[in-house]
Amino acid sequence: MPLSDALRRTLPVADASSFRLAGEELWLVTGADLRRAADEWSLALERVPPALRPRLEDEHLGLARAAHHWLSTFNGNLEARLRGYAAIGRTFAWELPWPAVAILGVLRVKGGVRQSEAIRLAGLAAAEVGEIGDWIQDVLRRTNRGIFADSVPCALWALRAASLRASGDADLARALLEGPLPPAMDEESRRIARGIDAALQLEDGAQRFDALAAVTLQQFDREQAVFTAQMGAHREGDGPEWNGLRRFLTRLSRVDAPVVENGRLRSRSYRFPSSFDVRDHRARSEHFARAFVTSVTGSAADFRVAVGEVIRRLPPGSPPAYADGRPALPPWAAVATASL
């Protein structure tokens, strides 16, 4: 079982995601859960061809070290995360839209943090306002950190499988994606990693863009689930009860969103319906996806424009061509050490 399955005793199934293990929910995992997870991991390993098992365990160790290195290097603050997203974008030759979309989102988070600081400082005159402002700022920062910690290892997982395929080791790549889960991952993580890997195998450039854009939407919904969790809400069902002041201070009527118009990346106001409630995971994920994902991935040409602006802010690199044939990926040794 994924270790996160232990959370289902307390949380709804849709909320029992592995990223919660990095927070307070780790206390919901018992020794018995660890024993059961280890037993099931061993059973999953036994289903792997015997000749591949030692190599697969080495791959898990290598992936764990690479993920730890990336997170230790880039997950310290917002500016470092921007550099980290740019580095992971370069590993995909910017073909995967997710890192560029993440960068545009982080730039928006910086604005949200500034707004929450204004609310917090207003608390000098009204203590309850200041407490809510502090809470908003904390939620935004914990969400941003949690998203990076969950998303980057998943991308590395897919990249390692793709690099193994490129070197002619398709059986080991398959075992890495289909075999026992890394302890910090869950089945949704696996689906995303498999989706990226499958898209990278497409030799038709246009089809590859469409597939990578589609998996970016899946990744985006999972990232919104991190936000949902940090607010104390749920992916399905009602959100937490908030008093009138908290509802007022968290109400969103619009957001500045990126959009490609006439070959240029611009900022446009995306307006939410009057009934929009930030606690509603499904509605928020759908509206934010329109504002931040499909607004720049409507076509490969539009996305190249968005990447051009990202690279201007965080060089080096060049927008993806989506040429026919599989994309050239950097050597895994360079990826694992973030030497990009």
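The model being predicted, local features need pLDDT of at least 70 and side-chain atom pairs count only at pLDDT 80 or more, while totals for chains, interfaces and linings use all residues. Residues are numbered from 1 along each chain as its sequence is written, and side-chain values use heavy atoms, with hydrogens and water left out.

Start with helix H3, residues 78-91 (helices are DSSP runs of H or I with at least four residues, strands are runs of E with at least two, and both are numbered from the N terminus). Its 14 residues reach 20 Å from first C-alpha to last, close to the 20 Å expected (the expected span is 1.5 Å times one less than the number of residues). H3 is mostly covered, with 11 of its 14 residues buried (buried is under 20% relative accessible area, exposed over 50%, partly exposed in between, using a 1.4 Å probe and protein chains only). Among the buried ones are Leu-78, Leu-82, Tyr-85 and Ile-88. At the start of H3, a side-chain oxygen of Asn-77 comes within 3.1 Å of the backbone nitrogen of Glu-79 (a polar contact is a pair of N or O atoms within 3.5 Å; within protein, one must be able to donate a hydrogen and the other to accept it, and residues adjacent in sequence count only if both atoms are side-chain atoms). After H3 comes Ala-93, with a positive phi near 50°.

Asp-186 caps the N-terminal end of H7, with a side-chain oxygen 3.1 Å from the backbone nitrogen of Glu-188.

The structure holds 25 salt bridges (a side-chain nitrogen of Lys or Arg within 4 Å of a carboxyl oxygen of Asp or Glu). Arg-222 bridges to Asp-150, with the closest N and O atoms 2.6 Å apart. That pair links helix H8 to helix H5, 72 residues apart, and both residues are buried. Arg-222 also meets Asp-186 in a salt bridge at 3.2 Å, N to O. Asp-186 sits in the loop between H6 and H7 and Arg-222 in H8, so this pair ties together parts 36 residues apart in sequence.

Another arginine, Arg-279, lies in the loop between strand S2 and helix H10. Arg-279 counts as buried because its relative accessibility is 13%. A polar atom of its side chain lies 2.7 Å from the backbone oxygen of Pro-240. Beyond its neighbours within four places in sequence, Arg-279 has contacts including Met-231, Trp-242 and Arg-284.

As for rings, there are 11 aromatic pairs (Phe, Tyr and six-membered Trp rings with centres within 6.5 Å; planes under 30 degrees apart are stacked, over 60 edge-to-face and the rest tilted). Trp-70 and Phe-74 have ring centres 5.4 Å apart and planes at 50°, so the pair is tilted. Trp-70 is buried at 0% relative accessibility, and Phe-74 is buried at 10%. Trp-135 and Trp-242 have centres 5.4 Å apart and planes at 85°, so they are edge-to-face. Trp-135 is in helix H5 and Trp-242 in the loop between H8 and H9, 107 residues apart.

How values were computed:
Contact means heavy atoms within 4.5 Å.
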